[in-house]
Amino acid sequence: MPPRTMYEKIWDAHVVHEEPGQPSLIYIDRHLVHEGTSAQAFSGLRAGGRAVRRPDLTFAVMDHSVPTKDRHLPLADAVAAAQFDALEKNCRDFGVLLFNMQSPRQGIVHVVGPELGITQPGQTIVCGDSHTATHGAFGTLAFGIGTSEVEHVLATQCLSQFKSKTMLVRVNGRRVRGVTAKDIILAIIGRIGVAGGTGHVIEYAGEAIRALSMEGRMTVCNMSIEGGARAGMVAPDETTFAYLEGRPYVPHGKDFQVAVDYWKTLASDADARFDSVVELDAAKIPPQVTWGTNPGMVTDVTGSVPDPNSFRDPVDRRAAEAALAYMGLKPGTKIADISVDRVFIGSCTNSRLEDLRAAARVVAGKKIAPTIKSALAVPGSMQIKALAEKEGLDTIFIDAGFEWRDAGCSMCIAMNADVLPSGERSASTSNRNFEGRQGKGGRTHLVSPLMAAAAAISGHFVDIREWNVESSDE
Amino acid sequence: MTPFTKHTGFVALLDRVNVDTDQMVPKQFLKWVTREGYGRVLFYDWRYLEGEIPNPDFVLNQPRYQGASVLLARANFGCGSSREHAPWALQDYGFRVIVAPSFADIFYNNCFKNGILLVTLPEPQIEELFRRTAAREGYRLTVNLEDETISDDAGLGIAFQIDPFRRQCLLNGWDDIGLTLRHEDRIRAYESSRQPSAKLFGPLLNR
Ligand code: SF4
């Protein structure tokens, strides 16, 4: 057999049916469902008189619109309440396991899957959500799909897919202190552009990726879609196995060893060919801050807001002009001179325990700047919330002036009450700085948890490297 | 899905790169549980001022682009979120065809599932179409999927290419799930061949 990439190995293991000139039918091992993109799919099933083929491979969670406080009170948002009711009913009628708002396992779908061990290496995972790539951190082929495809997977447990091209992103060297997985992925997107990965599955490799914890690898894979790629993956290794062992849905005892032996076969063969290769040096990546209205509009914390006239392509120039107008920024402004109104630490990109610990190290014993109107710390899951509280992180955040919330998507998408008001500026650990993403007229700057925490204390962006804080747990 | 063979319609243009699906349908409308009625909210934050008053500065609000059914767009159209609400809104608004230099992957799939034809053309041809649309009010294009051409009444003729399988699906309006279920025996065979590794890929038993 010719050498294969990890993507090709997982693909080959999941082909149900192939015919020349047609997309392949591939089997889906895990289907994750949330309230935001599933109601119409279940309606479609009902209309077609179809059942969920494998409810035992499907699990659902409430995350996008959930309130992050006062959950014991009735929902104020009637439209959201109707959507939650629909999910409850659909899961009941079709026999799908649901972690609802009251469940101690509730959280953001891409946080809950891995933490329960639902996500495992070698699987195919889909979800009606573009950040499904997060699960690729385990050596899993995971990607987002639309609602019609959600219905297709519910009905058939398969998906009709054309094979993607492959891209290897190798991050060599070591991060410096204060630089995180978030900075690595923002730098990658800055390099390849927001459409650089279109049509590709990315495999992240190299010393700097290997050195990341599972949390860090999830942060990197999470934002693959921001580089245009539907899926991103990292080969499983001892870090992966150690993370998975003992999690509720992972095989136990002897079965775990069998699983690990299989997982070890997944890595790309040494001489496997990728359609394109990109290399970065982690040592040369400073903390990153976005200045515009897509994640590719990003620069170093030591840099400044670019001049639209520096873009050669007229279309890009106009895009930069529009972005600066929306963001209320002038060309040449130093990133460190940009002050922020609100801080959001959360989202499927950066809401895991390691992220919260990192931010807590920055704010411990300090107070948020008086100009900060609000600072939110929103754990990715109720389990993370409980673990963080055991370590006393909640007290650290609250003492510093943060609000400590329940788990959900929160101000990443602002479908609940956590909204960035028009004209205000946020330092956010989420993944999208699109116009209106955190609230109509809101101005989002994407950064790492360390950088967001430091912005909360200073009231403006600062180069966290000067504060000498540990970037991650390892 | 509605079959697509040939379509003639007025052209509107959206001169912006990287238009993301958050702009097409903002988050507040993702709480609806139906597939209908998204046309009114298409490009909501660009299209409306406070109180849902049409913003005269937004291109689709210009009188000359009313009734357009072909949208001419820029690179990486439909990037970002996987929300299928975006194609639902475009279709409900009246668009049947979108022409651009490139599209984002998930959006591309989602449009096909809804019978919207996406045509990818090289930048110079896109420029030419932008020029022609801007130059003449009431500019129309005919998009023919059968012979894969785009033409106007002023001598323009452009060939485009789409994947033959996708073309067949669109021409016939095939139902995807129906197509897959023809392979029920293969799916079942695959599932039983998995039995020895059921521990790895098997059911999510509640523990
Ligand atoms: S946290 Fe944000 S990006 Fe992640 S699933 Fe929720 S809304 Fe999507």
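Begin with chain B of this predicted model: among its contacts with a separation of 6 or more, 65% join residues 24 or more positions apart. Chain B comprises nine helices and nine strands. Its C-alpha trace spans about 65 × 45 × 25 Å along the principal axes. Of the 207 residues in chain B, 57% are buried.

**Stop 1: L117(B)**

Select L117(B), which is found in strand β6 (residues 117-120) of chain B. L117(B) counts as buried because its relative accessibility is 0%, and buried means under 20%. Next, display its surroundings. Leaving out residues up to four places away in sequence, L117(B) touches F4(B), R96(B), V97(B), I98(B), F112(B), V143(B), L145(B), F160(B), I162(B) and L170(B). For a distance check, draw a line from the C-alpha of L117(B) to that of V70(B): the two residues are 47 apart in sequence and 9.6 Å apart in space.

**Stop 2**

Move to A104(B), in the loop between β5 (97-100) and α4 (105-113) of chain B. Is A104(B) buried or exposed? A104(B) is buried, with a relative accessible area of 11%. Apart from neighbours within four places in sequence, A104(B) is in contact with N76(B), F77(B), G78(B) and C79(B).

Continue into helix α4 of chain B and select Y108(B). Y108(B) is also classed as buried, at a relative accessible area of 17%. Residues up to four places away aside, Y108(B) touches F103(B), L118(B), T120(B) and R166(B). A line from Y108(B) to Y44(B), 64 residues apart along the chain, gives a C-alpha separation of 21 Å.

**Stop 3: N18(B)**

Select N18(B) in the loop between β1 (6-13) and α1 (21-24) of chain B.

**Stop 4**

In soluble globular proteins, nonpolar side chains tend to be buried together. Here the largest nonpolar core has 119 residues, and those with the most contacts inside it are F397(A), F402(A), F43(B), F77(B) and L117(B). Helix α15 (residues 449-458) of chain A gives the most to this core, contributing eight residues. A further core of 79 residues lies apart from it, including I209(A), A231(A), V234(A) and L280(A).

**Stop 5: helix α12 of chain A**

Just after the helix, G365(A) takes a positive phi of about 75°.

**Stop 6: S410(A)**

Follow chain A to S410(A), in the loop between β17 (403-404) and β18 (425-428). Phi of S410(A) is near 55°, a positive value in a residue other than glycine. S410(A) is buried, with a relative accessible area of 0%.

**Stop 7: the ligand**

Finally, select the ligand, which takes up the space of the largest cavity. Which residues surround the ligand? They are H64(A), I108(A), H110(A), D129(A), H131(A), S347(A), C348(A), C409(A), C412(A), I413(A), N431(A) and R437(A). Coloured by class, this shell divides into five nonpolar, five polar and two charged residues.

Methods. Residues are numbered from 1 along each chain as its sequence is written. Chains are lettered from A and ligands numbered from 1 in the order in which they are written. This is a predicted model: local features need pLDDT of at least 70, side-chain atom pairs count only at pLDDT 80 or more; totals for chains, interfaces and linings use all residues. Side-chain values use heavy atoms; hydrogens and water are left out. A residue is near a molecule or strand if one of its heavy atoms lies within 4 Å of it. On a 1 Å grid over the protein atoms alone, a cavity is a set of points where a 1.4 Å probe fits but cannot get out, and a pocket is an open set with protein on both sides within 12 Å along at least five of seven lines; lining residues have an atom within 4 Å of a point. A molecule sits in a cavity or pocket if more than half of its atoms lie within 2 Å of its grid points. Ala, Val, Leu, Ile, Met, Phe, Trp, Tyr, Cys and Pro count as nonpolar, Asp, Glu, Lys and Arg as charged, and the others, Gly among them, as polar. A nonpolar core is a set of buried Ala, Val, Leu, Ile, Met, Phe, Trp, Tyr and Cys residues joined through side-chain atoms within 4.5 Å. Buried means under 20% relative accessible area, exposed over 50%, partly exposed in between (1.4 Å probe, protein chains only). Helices (H or I, at least four residues) and strands (E, at least two) are DSSP runs, numbered from the N terminus. Contact means heavy atoms within 4.5 Å.
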